[in-house]
Amino acid sequence: MTTGLRNTSAHEQSRPRPAARRRVERLVVAASFLAVTGLVGTIGYEGHAAARTTETPPTAPVHATVAEPPNHAQLVRLAQRLVAAGAPAVIARVDDGHGRPIEITEQAPWTRKDHRLRAEDEFRMGSNTKTMMAALVLQLVGEGRLALTDPVDTWLPGQVPNGRAITLRMLLNHTSGLFDYTEDPAILPSTMGKDPRPWTPEQLLALGVRHDPKFPPGTQWAYSNTNYAAVGAVLEKATGRSLADLVRDRIAGPLHLEHTYYATDSAWRGPHAQGYEPDAAHMPPGVPAEFRDFAGAHHDGHVDVSHNNPSWGGAAGAMVSTAHDWARFYAALMSGKLLSAAQLAQMRTTVPMDPEQPDGPGYGLGIQTAATPCGRVWAHDGGIPGYLSTHVTDPTGRRTATVLVATEAFAEHPDAFPVLAKAAKTLQTATVCAMFDKPAPIEEPIG
């Protein structure tokens, strides 16, 4: 999310996007994981790789050499090429369910003056926040405190136009028709880091509902961060507790996710990946003027946006986590440790993201699914300035994969960053195949 929290479907991509549109988070799973792409060719780059291979099997001799997983070398190469294409830094983590996960870090030399990247570093999760918010709602549904059929008006009387016709399910699966608050110009100074004010779920919701809805409730699918602003407000109203407390006490604490928390300000709690965007002088010409000038420390043609306040992402995108923590969350979610079988089934009940592809990618409650050439995945991704991460799991939660790219403008404006966008897509595809312990597609040249 260069400038917004966004989800992209094939249907949405086919429509022209107004230059001034700004969304908090970007979900690119449908675009990046359904098309199998690879790359070949040599790019002159010597990067730093911190890779961990699978553990020695218990039956192996003590001094036996541990062989690298078949996909390890390719993932390192693709991560290096992603940095060579312009990514300031990359974290890739793949767990195929056997032995020790592969963890790779790569970073451009100029970033090392700020921070030496580690695979366990915290980063901003963007729209992946939605999966955790949906899990919280479903926990309360299982306890009888909420119902997916509850009209929004039950919990937020008068705050959402036509709130009696919009249910919690419609909010969670993006069929409410509500306008996306991240397209309102009032949020732009915050997304660019120039307005450090804290935002509440109610304030973010108010931005979205002051615009006309896009369609009648339940008639279509369209990604809107306003849905999750409303979800956040409902969660706080139904429990009398803050979203930060709910995440801590219901998910992060029980699962021992030591670096996972809901951010209400710019503070980090542990070592974190630095996030960057090109400065105005180095932003490609195709990026609209209003999205070119980020606040933050400038150096080496970039702006360090790591310390900008992400509270404008709210329940749609303010989470912080790590690749390891999120894999643990996915494993608990898909295995039924967080939700009952009935609630997990509700989460996995999907609606088509593209009406012209009823059997194509589907969006459930805070998560989406798609069939890839290497296996069926459940996934989400999220973008917020400085951070674009994709997180994938198999239906059991035993296999997981994460790719973090420490910049996000390219995902909002892919035509302006064609080489970087292609390199990111290629690494994402390779991690999915590695997660299933299958060979990645044949590599093709980048650029």
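What covers the buried residues of α3?

1. The cover of the buried residues of α3 includes β3 (89-95), β4 (102-107), β16 (400-405) and α15 (418-435). Buried here means under 20% relative accessible area, with a 1.4 Å probe and protein chains only. Among the buried residues of α3 are His72, Gln74, Leu75 and Arg81. Helices (H or I, at least four residues) and strands (E, at least two) are DSSP runs, numbered from the N terminus.

2. This is a predicted model, in which local features need pLDDT of at least 70 and side-chain atom pairs count only at pLDDT 80 or more, while totals for chains, interfaces and linings use all residues. Residues are numbered from 1 along each chain as its sequence is written, and side-chain values use heavy atoms, without hydrogens or water.

3. Gly86, with a positive phi near 130 degrees, follows α3.

4. Salt bridges (a side-chain nitrogen of Lys or Arg within 4 Å of a carboxyl oxygen of Asp or Glu) number 14 in the whole structure. One network of them links Arg241, Asp245, Arg248 and Asp249. Within it, Asp249 pairs with Arg241 at 2.4 Å, N to O, and with Arg248 at 2.8 Å.

5. Another salt bridge joins Arg164 and Asp153, with the closest N and O atoms 3.8 Å apart. Arg164 lies in the loop between α5 (152-155) and α6 (168-172), and Asp153 in helix α5, 11 residues apart. Arg164 is exposed (over 50%), at 73% relative accessibility.

Notes. Contact means heavy atoms within 4.5 Å.
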